[in-house]
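Good morning. Please look at the structure on the screen, and I will take you through one part of it.

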Amino acid sequence: MSRKRIYFLCTGNSCRSQMAEGWARHLGGERIEVQSAGIEAHGLNPRAVQVMQEVGIDISHHRSKLIDPDFLEQADYVITLCGDANDRCPVTPPHVKRLHWGFPDPAKATGSEDDVLNQFRQVRDAIGAQIRAFLEEELS
């Protein structure tokens with residue numbers, strides 16, 4: 001079986017799509033090829049790195065990237081993680097299965113540092129659960 005290619009897209013490729021890429025690599029292993037990108041490149045959010053490290057997934061080497069048209073063309077799945085990316089994502093070829101999983105933007109969380117980190121953790125955990133279910137359903 002060939003590896004499935006999964007492309008996670010978000011507006012700035014700084015938080016949600018980076019966490020999704022980390023989870024998918026961790027959970028999917030050699031069964032998948034995964035990348036993430038953004039409509040824009042905002043840089044990797046250090047809080048995303050921190051909360052992923054808490055669950056044993058290192059995304060510190062990731063970088064914020066713009067959408068790669070070649071990978072988009074070759075993807076089996078394009079998964080948008082925010083409404084903006086869903087609305088602004090380039091047209092995908094007919095063979096690409098496009099999904100939308102909307103998650104709140106933890107970078108917009110307010111309050112104390114603990115409050116903000118808890119928002120990041122909630123989004124991290126929700127993305128992880130969604131990816132687990134997706135991989136079980138699509139790759140089993």
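Strands S1 and S2 pair in the parallel sense, over seven bridges. Two strands count as paired if DSSP finds at least two bridges between them. Helices (H or I, at least four residues) and strands (E, at least two) are DSSP runs, numbered from the N terminus.

A word on the source. This is a predicted model, where local features need pLDDT of at least 70, side-chain atom pairs count only at pLDDT 80 or more, and totals for chains, interfaces and linings use all residues. Residues are numbered from 1 along each chain as its sequence is written, and side-chain values use heavy atoms, with hydrogens and water left out.

Back to the strands. Lys4 stands opposite Ile32 in S2. From S1 the chain crosses through H1 to S2, and this β-α-β crossover is right-handed: with the strands pointing away from the viewer, the path from the first strand over the helix to the second runs clockwise.

Now H1. Of its 13 residues, 10 are buried, so H1 is largely enclosed by the rest of the structure. Buried means under 20% relative accessible area, exposed over 50%, partly exposed in between, with a 1.4 Å probe and protein chains only. The cover over those buried residues includes S1, S2, H2 and H5.

One of the buried residues in H1 is Gln18. What does the side chain of His62 make with the side chain of Gln18? A polar contact, at 2.7 Å. That term means a pair of N or O atoms within 3.5 Å; within protein, one must be able to donate a hydrogen and the other to accept it, and residues adjacent in sequence count only if both atoms are side-chain atoms. His62 is found in the loop between H2 and H3, and is buried, with a relative accessible area of 9%.

Conventions: Contact means heavy atoms within 4.5 Å.
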